[in-house]
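This report describes selected features of a predicted model.

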Amino acid sequence: MNFHATKATATIDSYSGPVAYSYIRWSTAIQADGDSYRRQFGLAERWSEQNAIPLATDMNMLDAGVSAFKGRNLESGALGAFLQAARDGKIERGSYLLVESIDRISREGMFPTAAIVQELWKAGIIIVTLSDNRTYQPDCNDMDALMIVLTAMRAREESVTKGKRIKASYIRRNAHAAATGEVVSGNLPGWLFKGEDRKAHLNPQKAAIVERIFDLSLAGCGLPKIAMTLNDAGVKPFAMDKRRKGRAEYWTIANVAYILNSKATYGLYAPPKSEASMMFPPVITIETFNRAQAGMANRFKFGKGRKGKCYSNLFGSIAKCHYCKEPMTIRNPKKGRATQFYCKGSLTGNCQESAPWNYERFEASFLAFVSEIDLLNIVHGGIGSRQDSITQEIQQLEGERLGVQKDQQNLIGMIRENEILKETLTPDMVKNAYRLKAISDKIQALEIERNKIQSEREASHEDNRLWFPKVGTGPGEVSGEELYKLRAKAAEHIRTIVERIELDRPHLGKRYRKAADETSDPVMKAHWLEQAKIRTFLWDNDSKYVVHFKGGASRMVYPNNFDASKAKAVVNTERAKELENA
């Protein structure tokens with residue numbers, strides 16, 4: 001930005017000597033709201049008038065909100081640009097740099113400040129400190145140089161001392177808040193407000209929105225879908241009265257992510273560099289928070305991509321081609337044809353072995369013969385089975401494990417930055433390691449229990465032969481939005497239980513046509529082409545899929561593709577692995 005003096009620059013057109021460049025800096029927004037600019041620029045104008053040296057009209061510099069404690073004003077600020085221009089000879093030698101005091105140039109300490117000053121002197125720049133009206137020429141005496149060094153030392157010490165005092169005050173305020181429950185000044189999360197007792201209280205309406213966001217997340221809805229659902233329902237985001245002009249007045253992915261990742265939702269007050277405490281009234285339980293975290297991590301890994309109006313594909317990223325191991329994907333069907341489930345490798349020409357599946361038949365077969373997916377409970381709600389409670393407990397533990405792993409990575413990062421902290425932080429790292437081991441052991445025990453229950457149930461459990469309701473207004477029918485939520489919840493449940501599904505349907509028609517192309521015998525060519533026609537219609541007899549459960553169990557299903565409620569064969573665990581590898 002350029003700031004021009006009115007009186008001092010009035011005669012600049014008739015002036016031919018060196019000019020003065022005003023440099024103004026402050027480091028915080030609080031200083032901007034005060035009179036930092038008025039004071040510093042007023043000093044520059046006064047000096048210009050008194051010395052009859054006009055202020056430059058092309059480069060009066062301002063670093064607003066830029067700290068000199070770590071040299072940011074030199075790295076990316078106006079001062080760095082001025083210094084580079086001086087080095088390049090774009091600033092006339094003998095020009096003046098006007099600063100309120102040396103600490104406006106740098107607060108990094110004696111040696112960095114001296115280096116900057118020497119660079120300016122080499123370029124022929126004269127430094128003027130306006131607060132004490134001192135001029136530092138490039139050929140100044142030792143006393144002037146010593147004054148700069150002492151000023152730089154004092155500025156650094158002041159910054160360090162001020163920083164320590166602010167940090168100590170910050171820690172004291174947070175400790176007092178944790179002990180008394182009285183919130184410190186500053187913004188509270190949008191669903192809380194500060195009462196007359198100075199404590200945080202829930203806004204019931206906004207707390208209900210937070211609960212709804214977590215319910216949608218646990219039901220398998222991603223961030224975009226949650227934001228869209230809230231916007232469609234006319235729900236306004238929090239703190240509309242505090243939003244700056246131009247900010248979105250609707251729910252965004254960032255709004256939703258902030259709430260789902262906020263530990264304040266279960267009551268934790270965790271300011272940086274201070275002890276955490278449960279001083280906020282909780283909206284949800286920590287178990288719900290951890291389950292939501294695990295679900296988001298799972299969707300980020302396996303559930304990315306468009307879902308369609310009714311969550312078309314329940315098996316995103318976990319259904320793989322048996323031959324090339326690429327994910328299976330849905331392609332929009334032609335009018336009047338069934339939705340096809342293709343191997344991505346076949347769509348790019350890299351997999352010649354796999355034939356497409358009828359998606360609706362595959363989904364129906366999976367839900368009928370993978371009875372671990374409690375579709376009855378998903379569709380009709382109510383209290384889940386022991387398998388369902390195990391799944392929820394595993395999900396909660398996986399979310400807790402994510403949190404501990406993040407803490408461990410933060411500790412490792414702190415030690416890498418400062419080796420001195422290693423001895424202090426090692427006990428916390430050991431504690432985290434033990435906790436991670438305990439969580440892994442608990443998850444393993446729960447998966448073993450779930451697998452035992454699975455092995456005791458019949459693979460073709462009649463209770464699971466239930467389909468999703470249809471969209472409509474009749475008895476038993478639901479809206480498109482409700483169907484999306486049901487299918488998203490089912491997909492979430494599947495991802496929690498199933499590691500991967502391998503679909504094996506050989507494209508025998510392609511194989512036989514290839515054999516016909518490779519033979520020169522007319523009789524064999526006719527034979528292979530005839531077989532290709534026959535096998536194109538009979539390849540259902542060769543179809544199978546293998547479900548690999550988390551915890552090690554597996555199941556191979558040979559579906560009846562004309563009746564999804566039936567199967568030609570269902571094989572569990574070890575035998576399934578033997579047949580898969582055969």
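## Cysteines

With a cut-off of 2.5 Å between cysteine sulfur atoms, the count comes to 0 disulfides. A disulfide is a covalent bond that links the sulfur atoms of two cysteines.

Cysteine 324 is partly exposed, its relative accessible area being 27%. Cysteine 221, by contrast, is buried, with a relative accessible area of 1%.

## The five-stranded sheet

The model contains an open sheet of 5 strands, in the order β8-β12-β13-β14-β15, and the pairing is mixed. Its edge strands are β8 (319–321) and β15 (567–572), each of which pairs on one side only. From one strand to the next, the twist averages 20 degrees.

Within this sheet, strand β13 (residues 544–549) and strand β14 (residues 554–559) run antiparallel and are joined by 4 bridges. In this pairing, tyrosine 545 of β13 stands opposite valine 557 of β14.

## Helices on the sheet

Helix α12 (residues 359–369) lies across β12 (498–504), β13, β14 and β15. The angle between helix α12 and β13 is about 50 degrees.

Helix α16 (residues 480–497) also packs on the sheet, where it touches β12 and β13. The direction of helix α16 makes about 95 degrees with that of β12.

## The contact of α7 with α9

Helix α7 (residues 204–218) and helix α9 (residues 253–261) have axes that come within 10 Å and cross at roughly 90 degrees. Angles of 65 to 115 degrees count as roughly perpendicular, and α7 and α9 are therefore roughly perpendicular to each other.

Helix α7 contributes Val210, Ile213, Phe214 and Ser217 to the contact, while α9 contributes Val256, Ile259 and Leu260. Of these residues, 6 are nonpolar, 1 is polar and none is charged.

## Positive phi values

Arginine 198, a residue other than glycine, has a positive phi near 70 degrees. Arginine 198 lies in the loop between β6 (192–194) and β7 (200–202), and is partly exposed, with a relative accessible area of 43%.

Serine 317 likewise has a positive phi near 70 degrees. With a relative accessible area of 26%, serine 317 is partly exposed.

Note on methods:
Residues numbered from 1 in each chain as written. Predicted model: local features only at pLDDT ≥ 70, side-chain atom pairs only at ≥ 80, totals over all residues. Heavy atoms only, no water. Pairing = 2+ DSSP bridges. Helix = DSSP H or I, 4+ residues; strand = E, 2+ residues; numbered from the N terminus. Axes fitted to C-alpha atoms, helices over the stretch in contact; angles between N-to-C directions. Contact = heavy atoms within 4.5 Å. Parallel < 35°, antiparallel > 145°, perpendicular 65-115°, else oblique. Nonpolar A, V, L, I, M, F, W, Y, C, P; charged D, E, K, R; others polar. Buried < 20%, exposed > 50% of the residue type's maximum accessible area, 1.4 Å probe, protein only.
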